[in-house]
Amino acid sequence: MKIGYPCINLSLECRSSHTFRLKNYSKEKLKKTVKSNLKCLLETLKYNINHKILFFRITSDLVPFASHQIMDFNWKKHFSKEFSEIGNFIKKKNIRITMHPGQYTVLNSNNEGVYKRSLEELIYHIDVLDLMKLDKSCKVQLHVGGVYGEKENSLNRFIERYHSLSNNIKERLVIENDDKSYNLKDCLQIYRETQIPIIFDVYHHMCNNSGESIEEAFQLISHTWEKEDGIPIIHYSSEHPHKGKPSHSEHIDLKDFAEFIQKTNIFDYDLMLEIKDKEQSALRVIKILENDPRLYAMI
DNA sequence: TCACGTCAAGCAGAT
DNA sequence: ATCTGCTTGACGTGA
């Protein structure tokens with residue numbers, strides 16, 4: 001099991017997600033920003049290795065406006081050496097990487113323009129992983145998308161759009177159950193038509209499910225990951241849907257986490273911790289898992 | 001130096 | 001109709 005966190009390391013000074021306003025766009029500004037983002041990304045990955053964190057989500061802001069029509073710079077060519085260097089480090093250290101396009105990327109949109117821009121954004125994310133020559137266990141994850149008052153049609157539109165994607169995208173794309181629209185059952189319906197692997201988000205499942213227990217859910221999604229996809233990816237965060245606003249919590253609740261681990265320890269999976277304190281929760285979890293599994297009961 | 005309005009982009013659900 | 005959350009901030013103008 002690899003433990004990971006998303007995008008930003010709060011212990012480091014640097015950020016790999018620096019961006020700028022669209023109206024300030026220039027090739028020079030882009031070059032400078034991407035150079036600094038890539039430098040910080042490598043620094044972050046080195047921090048992770050020094051702290052035994054082997055799973056990481058790379059920020060979508062790595063190359064600002066990469067899929068925007070304003071982009072007039074061949075960043076892939078210009079930074080190929082840097083991407084290759086980072087990719088070599090990732091492979092050498094056996095790190096697993098994911099990326100997660102933002103909420104504006106809606107593959108099943110009923111608006112042609114939104115669909116087209118989403119496709120461009122998806123291609124950008126795939127390009128980053130391809131430039132680093134990472135294997136197919138490194139994934140780009142999406143939610144299924146909008147419902148538009150007609151769920152079955154919208155779900156089928158996702159399936160159609162998926163089938164029309166090129167192979168290099170299909171090999172990396174995975175879907176995740178969300179907290180409002182498309183739950184585990186819906187994702188499994190899509191899987192049956194597409195064989196797309198499913199990332200299971202434990203917290204989203206608590207918000208939106210069809211009665212499956214965590215154990216049943218793990219069983220169901222485990223089969224959606226083929227050998228070349230790597231072991232299943234699970235997302236975990238600490239807050240319960242009922243108390244207060246449903247949002248990701250500040251720190252990890254170790255008692256809750258221990259229960260979760262006990263329930264799921266017969267499965268092999270990599271775990272992305274979506275907690276606000278980022279790497280701090282990952283460090284705690286790694287320490288606990290390393291020291292003594294019997295500690296679970298004592299937390 | 002700091003507060004705060006704004007930033008490329010979509011959708012759903014609450015107010 | 002407008003605001004908020006999403007993954008949960010950063011930019012940059014104006015005081």
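Trainee: How many bridges join strand β2 to strand β3?

Mentor: Quick background: this is a predicted model, where local features need pLDDT of at least 70, side-chain atom pairs count only at pLDDT 80 or more, and totals for chains, interfaces and linings use all residues. Residues are numbered from 1 along each chain as its sequence is written, chains are lettered from A and ligands numbered from 1 in the order in which they are written, and side-chain values use heavy atoms, leaving out hydrogens and water. Strands here are DSSP runs (E, at least two residues), and two of them pair if DSSP finds at least two bridges between them. β2 (residues 55-58) and β3 (residues 96-99) run parallel, and the bridges joining them number four.

Trainee: Which residue in β3 stands opposite F55?

Mentor: Stay with β2 and β3, which run parallel. Opposite F55 stands R96.

Trainee: In what order do the eight strands close into a barrel?

Mentor: The pairing is parallel. Neighbouring strands are turned by 30° against each other on average, direction ignored (axes are lines fitted to C-alpha atoms, with angles from 0 to 180 degrees between N-to-C directions). The barrel order is β1-β2-β3-β4-β5-β6-β7-β8.

Trainee: Which helix lies across β7 and β8?

Mentor: Chain A has 11 helices (H or I runs of at least four residues). The one you want covers residues 254-264 and runs at about 155° to β7. That's helix α10.

Trainee: What share of the residues in chain A is buried?

Mentor: Buried means under 20% relative accessible area, with a 1.4 Å probe and protein chains only. Of the 299 residues in chain A, the buried share is 53%.

Conventions: Contact means heavy atoms within 4.5 Å. Buried means under 20% relative accessible area, exposed over 50%, partly exposed in between (1.4 Å probe, protein chains only).
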